[in-house]
Amino acid sequence: MRIVCIGGGPAGLYFALLMKRQHPAHHVTVVERNRAYDTFGWGIVFSDATMESMRRWDPETAATIEDSFNHWDDIELVFKGRKLRTTGHGFVGIGRKRMLNILQDRCLELGIELVFECDVESDTEFPDADLIIAADGVNSRIRNRYVDVFKPDMLVRPNRYIWLGTNKRFDAFTFDFRRTEHGWFQAHIYRFDDNTSTFIVETTEEVFQAHGLDKMDQDQSIAFCEELFAETRDGHSLMTNARHMRGSAWLNFNRLVCEKWSHFNGRSHVVLMGDSAHTAHFAIGSGTKLAIDDAIELTRQFDLIGHEARHIPAVLDAYEDVRRVDVARIQNAARNAMEWFEVVGTRYADQLEPEQFMYSMLTRSQRISHENLRLRDKDWLEGYERWFAARAGVSVSESEPVPPPMFTPYAVRGLTLSNRIVMSPMAMYSSRDGIPDAFHLVHLGARAMGGAALIFPEMTCVSPDARITPGCLGLWNDEQADGFRRIVDFVHERTPAKIGIQLGHAGRKGATRVAWEGIDQPLDEGAWPLISASPIPYLKHSDMPREMTRADMDRVVADFVSATKRAAEVGFDILELHAAHGYLLSSFLSPLTNRREDEYGGDHAARARFPLEVFCAVRSAWPQDRPISVRLSTHDWFDGGNTPDDAAIFARMFKEAGADLIDCSSGQVVKEERPVYGRLFQTPFSDKIRNEVDIPTIAVGAISEADHANSVIAAGRADLCAVARPHLADPSFVMHEAAKIGFEGLAWPKQYQSARYQYEANLARAAADAAGKAR
């Protein structure tokens, strides 16, 4: 094939040399607009895993890079007058210029044509090419020529950063955080050769403007950074190699996603690669990794399918299918890390102590979990667990094992939980006339014996017309209260768990069939009148709700108060007010479902007026020594709906009204929602509310194992973790997770001790077998 790579960065050069190495008959040309051996930027960084891939695909290039790179395992945090260090992280740093020189030399060695000082305007300049690699960077002219095909989505991020260098030899990847009178700055620092380190300084737009950096030239900006980070520089100057740029050289990061990566221009196949196709923030050092992995995967597909031009369409389809998944994973991790640095000054730096701040920073991408940290640096993590346990009131001697974060106690008002795991309310739709029966006793009793510190029945409705389905639980009469009392007494007398009640009103989502007969579908018969903030049906064919009147509001408030008093008398330990998921109170909070023009619709205060009225009435009726949580939909996942910023406003209102915790769920407000699912996908909303509003939170959503819960709790992203469906699959979920991570401090029911010994022995045997197979 005739292959032309437009752009002489890592993507274009590495793909060129791999293809020539694999199939020498190819005629490969790399075209670069700059001079030979001329490049901008400082060091680049990638992981040990990327280096291992390069060894497999071209040992010669990998060996030369290894002779030149700087490898380190340590990360050091400089924060609030402290220096904290952990090891085992495995990075490779190399000068960008040196990296490109190595790739250029290897290309020449393999017989690849390198053309420099050639500024390519269009792919049509190479009509004889079978394949054109558009590796011409984030501002790709080739991509921009076919905008309607590639459909790029470029998002300019808010933080400002300046890319500098220094001759100080740092021996760890160093993060230095400095507070000024206007806010926080952070430096990302790593050594990439024997004499030079990259020194990136970052801050928010607001702090950037407040210091007048927008009016400074490069020399003035460098002088500002030198003064700010004087302690860390240790007398070494900061340097720039961006004199070609006008102004201060402070940049914004551009996040790029393309809907399609390849195109046939009528003569040649054009494919995007590296930064022209996607970008990933430097917070996890993944831009070069993505470029190298792109080159490897496209080469691999040619090896699998065939190196002839007729195979190009199939190769490009396969390449995009494979790479899109991995790139999305890396970009998601990079986005998490990037967003952490964007909010560090408002969310973490002032709130967290250095130990927890470091844990939060290390796990910012959500790719590194609690147990992954244990593999990297067991001593550091065990020291952190000991620190965390002490903050939770657990006194552990140096010779005793330390409980993991999820197994530390938690106290709020007069309630103390033995650990941090909550069984979420989950609709069972199995009651008659709202009365809990033997099913609910067995269902909830089994989970209370299974290790969770706090369990909830499903949302309990405050009146007959507050039900979602005819099978919902209720608490509007004494017979229902007696049914609940039997369950509460069992939990208190026979288990160490506590039990809460979640009170709610279905609103416009009421009078529907039970889930297994058609979720959200209206009843064919026996329906009841619906009320909501506004007369908007949930589904187009749902029953139309009536807009609530003041008289309706008075009745609903009275229903909540009556149910609250019954719940207190029954003996529930905590009450949760359900103001999420599009139910009645949620329908007031969301602008998607509240179109009112009176004092209960409009801005945040007006939309929250009635939900807060209900909350205050419930708080007054609920014993003062028992806590109340509020469940919120912290994201509506639909244009025009509430966002996490709106949720934080509402959370602050409920906090000021007396709420003790915010249970951070999301969605289910409108059927047209477009949620973005994934592991711990709602945890960032809990993180935001906990650390910006300063109220304890419950994280919920795709938390399915101990490693998840420990990561969330240890980082301060939530105080409790609510686990739902895993508890349906396994009533002893918490006991089993404790055994899987080797924690022996969680008691099993005495009747089940023989099963515990067998379960733990089976886990040990399976681990030994796996280790043997690995060897």
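Predicted model: local features only at pLDDT ≥ 70, side-chain atom pairs only at ≥ 80, totals over all residues.
Close-up 1. Residues are numbered from 1 along each chain as its sequence is written, and side-chain values use heavy atoms, with hydrogens and water left out. Helices (H or I, at least four residues) and strands (E, at least two) are DSSP runs numbered from the N terminus, and two strands pair if DSSP finds at least two bridges between them. The bridge partner of I662 in β29 is T697. Between β28 and β29 the chain passes through helix α21 (residues 683-693), making a right-handed β-α-β crossover; right-handed means that, with the strands pointing away from the viewer, the path from the first strand over the helix to the second runs clockwise. On its other pairing, β29 meets strand β30 (residues 720-723) in the parallel sense over three bridges, with L720 of β30 as the bridge partner of I698. The chain reaches β30 from β29 through helix α22 (residues 706-714), and this β-α-β crossover is right-handed.

**Close-up 2. Side chains of strand β29.** Within β29 (residues 697-700), T697 and A699 point one way, while I698 and V700 point the other way. All of these residues are buried, where buried means under 20% relative accessible area, exposed over 50%, and partly exposed in between (1.4 Å probe, protein chains only).

Close-up 3. The structure holds zero disulfides, a disulfide being a pair of cysteine sulfur atoms within 2.5 Å. The sulfur of C118 is too far for a bond, because the closest cysteine sulfur, in C5, is 14 Å away. C721 is in no disulfide either, and the nearest cysteine sulfur, that of C664, lies 11 Å away. C118 is partly exposed, with a relative accessible area of 26%, whereas C721 is buried at 0%.

**Close-up 4. The second largest pocket.** On a 1 Å grid over the protein atoms alone, a pocket is an open set of points with protein on both sides within 12 Å along at least five of seven lines, a cavity is a set of points where a 1.4 Å probe fits but cannot get out, and lining residues have an atom within 4 Å of a point. Grid points are joined across faces, edges and corners, and a volume is the space filled by probe spheres set on the points. The second largest pocket has a volume of about 1600 Å³ and is lined by 50 residues, with N332, R335, N336, E339 and P684 nearest its centre. Helix α11 gives the largest share of this lining, 16 residues. By class, the lining has 23 nonpolar, 11 polar and 16 charged residues, where Ala, Val, Leu, Ile, Met, Phe, Trp, Tyr, Cys and Pro count as nonpolar, Asp, Glu, Lys and Arg as charged, and the others, Gly among them, as polar.

**Close-up 5. The largest cavity.** The largest cavity holds about 90 Å³ of space. Its lining includes T363, Q366, R679, T683 and R717, and the lining residues divide into three nonpolar, five polar and two charged.
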